[in-house]
Amino acid sequence: MIDRRLVTNFDWALIALVIGICLIGVLNIYSASAVYSMSGTPYYIKQLNWMAFGLLISLIVASLDYHILEDFSYWFYALLIILLIAVLLIGKRSLGATRWLNLGFFSVQPSELLKIVIIITFARYFNNYHAIGGLTLKDMLFPLTLLALPVILIMKQPDLGTATLVILIALSMSFYIGFRWSTVFSFALITVPLAWFTWAVYMKPYQKNRVLDFINPERSRLGSGYHIIQSKIAVGSGGFWGKGYVKGTQSQLRFLPEQHTDFAFSVFAEEWGFLGTLILIMIYLSLILWGLNIARRCNDRLGGLLAVGVTTMLFWHIVINIGMVIGLFPVVGVPLPFFSYGGTSMITSMVGVGILQSISMRRFMF
Amino acid sequence: MINEKRYVRELAQSKQRTIPLAFVVTLIFILLLMRLLYLQIIKVDDYRARSENNRLRFLPVAASRGALMDRNGTVLVNNRPSFSLTIIPQEVKDVELMIDRLSVLLKLDRSDITERWKKAKGRARYYPVVIAVNLSRDQVEIVEENKLSLPGVEISIKPVREYAFQTSAAHLLGYIGEISDKELEDKAYSNYNLADYVGKNGIEKAWESELHGNDGGRQLEVDSRGRVLRVLAETTPTVGNSIVLTIDSRLQRIAEQAFGEKAGSAVVMDVTNGEVLAFVSSPTFDPSLFAGRIPTDIWNKYLDDKRHPLENKALTGQYPPGSTFKIVTALAGLEAGIINENTTIVDPGYYELGNRRFRDWKPGGHGVVNLKKSLKESCDTYYYQLGEKLGVDRIAQMANQFHLGKEMGIGLQHEKKGLIPTSEWKMKRFGQKWFIGETLPVAIGQGYVLTTPVQLASMVATVANEGTIYRPRLVKKIVDPDGKLIKELSPEILGTTNISHASFKKVKQGMYAVVNEPGGTGANARLWDVKVAGKTGTSQVVKLGEDRKRAVAYQHKDHGLFVAFAPFDKPEIAVAVVVEHGGGGGAVAAPIAGRIIRTYFDLKKPALIKDKEKKTVEDDEEDTEAESKADETKKRSSSQQGDE
């Protein structure tokens, strides 16, 4: 039933890198949640379960030929738009945002699915679109519309992090197809004055303040500013060798916010020091470069597009999350793939890994 | 086919684009690593300090205050436990509700509690906030019984001052109170915390740094909500040092009793070294009331009392010295060669200067008067004519030799320096030249002249020891909590007079006559076994002229003064007594001085101590007091036997 070549071409490097990160993540979640007083299954066990479940899904996805995704792509897209509208109408509200949709037996977060769906949709669109000599502004009109619709819907939730990510993924995939220089210039010519106009004329002072707080969280010592300061203290106080496993004072005394999810990297950096973060970042870099290598090796345009989409999805997650906890980027709720606690993020990332595996395994078929 | 070719070409171009993508990705990762390098290696010390600062807290533990003792080692002020009610904010869910419950349960004033609570707002949540002090045993019991339903509420034991002899020597000892906001801002109190107790007055304030001790503390690890997780280190507080005063508490109490209800002051000094043996300001007050919030009615009672109980009269009371100043005028006359012991005048009862008549206190006059008689009978006319010959500046020079008109530097707050007028002073002060008519009152210690009881005692001491001015001292030594000597304070000489032995001798003989010869004004201070020498004084508060004999309002009555030293042949102590608005010095002040001198010499005789003490105890003190004092007496007499 399964082609023998598929087994022999199984991408062990990819799966090893992913499992490696996952296991470091589980170890870290154990430490990050060591001080939580809670009944029931501890977080690190749950994360192990999610990891196993995720790997299973990734294998299932990998076993399917990714070309079937092309056939369903617009159906996925339509279904997702419906789900996003449904979230806005009947979604579950928590922490000031409406992101979850209760489907009776389980809850889904459609904005999370959007990341995969937009990759598939863009891959499908660009696969059949031939921009000679690179994409012009006109060529971008339709894909940008395809992008704008769900982005506006998730901005309404509001989920700024996912919106940013989806835009970055879409732009990265477009880059893979290639822009004309004139497109880049005219794009800049339109957006820069537009942004300035919005800022100078349209926005009220309190809105400007909010944007400034967002760009530079340390402006506000309370709220998100406080979290970033504490996170930087955690990372910085780790030093070169770190404070030792389960010995980070910032994390064990709970000075860090959401330390098992979005700020998991801070916990790791505090306890393992620069040595630890260097190794972790090198593993992540290897994963990303391996993903790009899969795209390069693939002799199929659809496969290349999908591989670049998935790889840049992981890349932007990593950069935005780590950038946030070390005070380089604004605070947006973006998890660190395979590392932060959370089922949704794990499944999304694993589906992505499945797609990559599927492409990598089939590299000799075309 | 063309399409396929194009497909392959486009695919190849796209595949090439993964190379710049890889570059961008690597670059951004390097950027992240550089940032991590900056935070974790370059700025590590800064962030490590901040993380330590996050988790470590310091909770001070107040040191126990040192004791105050008298020269014999009798404890005058010490600590007793006092119970305060504290709330640990992090353990109380609804503080307002808790305050309501406590105020009802313990019958406490809610506004007091709320005020204390508000003052502590914004402090760390693990830090106990004192919301009520000086709880009674009953209140403590109620809290203990309801402990389970009062989470986060605790009774803390804080030492408070206990005064062994209640109001005795209150002005000297001073009192302590909660540190004020103003003091907290002061650099001198930089180590102090809110709700700490500090000396507010007297020795308690002047020797705060010795008495306070070193606060200890606990280093705590707290979490992000300020909850204490564990104690990392602990330093125990060290008890403050004790101050051994120069006063003899027995002499002090008897001197206070001698005043009865009268207002005034008495200072007793050792003429050989300046040690103050008794330091009385009457009436006195209860210093223990000042530790907490003083009840309004008592506070008002103190303020309304026209005898001014809160005023330290020995140091801040400035009185015209009256005839006691004749000692100074006489010495000035002798040293200037204007008079000698044989110089006589005839006193008709007044002295005429120009067309003004200056009256003597004795309407008929004293007849023929020489120096000795002038002191003995306190003849004003003698000093009017002497003053006129001397002029004000020569009198002032002599007074200044005795350090009158200057601060004695006794080491307590608010010391007053009195006033010795000169012509220069008047020009500066009023822009007028001095009139000879103003010299005559100065010669008898009236007019502008002002002195404090401490200055008068020092003056007499200097006469007694013939020329050495010692700084009056209140503190004998500082000892550590175990009684080991830390510092002994030695006598300090402020200056010496250049007055001849002969002049001193003549004046002293006159002072002897005041007490011991018929017609002397100080006969009330005479003792059967000790030769006392002294000088009376009656200083006018207002000029009443011929109407002096009429009944006048309290605050217009004369001050009665008496200064003395004893024994005459080999002086040991000097005494100055001022009775405010008491009338003639010979009548009201001399008996008090007599009783003080009597007691001083009685206390020197070991055999007599017991009887005397017992009598005092039965007369004036409560039963509980009696026991403790009997113990003291035993201790003291045994130690004294050891000395001899």
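**Walking through the two chains**

Let's start in chain B, where E21(B) and strand E22, residues 559–566, are joined by 7 bridges and run antiparallel. Keep in mind that what you're looking at is a predicted model. If you want one pair to find on screen, B:Ser539 sits opposite B:His559 in E22(B).

So what is the strand order in the sheet they belong to? It's an open sheet of 5 strands in chain B, ordered E12-E11-E23-E22-E21, and the pairing is antiparallel. At the edges you've got strand E12 (276–282) and strand E21 (533–539) of chain B, each pairing on one side only. On average, neighbouring strands in this sheet are turned by 5 degrees against each other, ignoring direction.

Now, the helices on that sheet. Helix H11 of chain B, residues 249–259, lies across strand E11 (264–270) and E12 of chain B, and runs at about 30 degrees to E12(B). Then there's helix H22 of chain B, residues 585–604, which packs on the sheet and touches E11, E12, E21, E22 and strand E23 (573–579) of chain B. The direction of H22 makes about 30 degrees with that of E22(B).

Staying in chain B, there's an open sheet of 3 strands, order E1-E8-E9, with antiparallel pairing. Strand E1 (56–61) and strand E9 (228–235) of chain B are at its edges with a single partner strand each, so each has one side with no neighbour in the sheet. One of the residues to look at is B:Val222, whose bridge partner in E9(B) is B:Val228. For anyone who wants the reminder, strands of a sheet pair through backbone hydrogen bonds, either parallel or antiparallel.

Over to chain A. Its secondary structure comes to 14 helices and 3 strands. Chain A has 366 residues, and 47% of them count as buried. If you take the contacts in chain A with a separation of 6 or more, 71% are between residues 24 or more positions apart.

One helix pair I'd like to show you is helix H4 (residues 67–90) and helix H6 (residues 137–155) of chain A. How do they sit against each other? Their axes come within 10 Å and cross at roughly 20 degrees. Anything under 35 degrees counts as roughly parallel, and H4(A) and H6(A) are therefore roughly parallel to each other. The crossing of H4(A) and H6(A) is left-handed.

As for who touches whom, A:Leu80, A:Ile81, A:Leu84, A:Ile85 and A:Leu88 from H4(A) meet A:Leu149, A:Pro150, A:Leu153 and A:Ile154 from H6(A). By class that's 9 nonpolar residues, no polar and no charged ones.

Last stop, where the chains meet. The contact takes 38 residues from chain A and 33 residues from chain B. On the chain A side, the elements giving two or more residues are helix H7 (160–177), helix H10 (224–237), helix H11 (249–252), helix H12 (264–297) and helix H13 (301–325) of chain A. Which of them gives the largest share? That's H12(A), with 12 residues. Sorted by class, the chain A residues that touch chain B are 22 nonpolar, 12 polar and 4 charged.

Methods. Residues numbered from 1 in each chain as written. Chains lettered and ligands numbered in written order. Predicted model: local features only at pLDDT ≥ 70, side-chain atom pairs only at ≥ 80, totals over all residues. Contact = placed C-beta atoms within 7 Å. Helix = DSSP H or I, 4+ residues; strand = E, 2+ residues; numbered from the N terminus. Nonpolar A, V, L, I, M, F, W, Y, C, P; charged D, E, K, R; others polar. Axes fitted to C-alpha atoms, helices over the stretch in contact; angles between N-to-C directions. Parallel < 35°, antiparallel > 145°, perpendicular 65-115°, else oblique. Left-handed = near helix turned anticlockwise from the far one by under 90°. Pairing = 2+ DSSP bridges. Buried ≥ 20, exposed ≤ 12 C-beta atoms within 10 Å, placed from the backbone.
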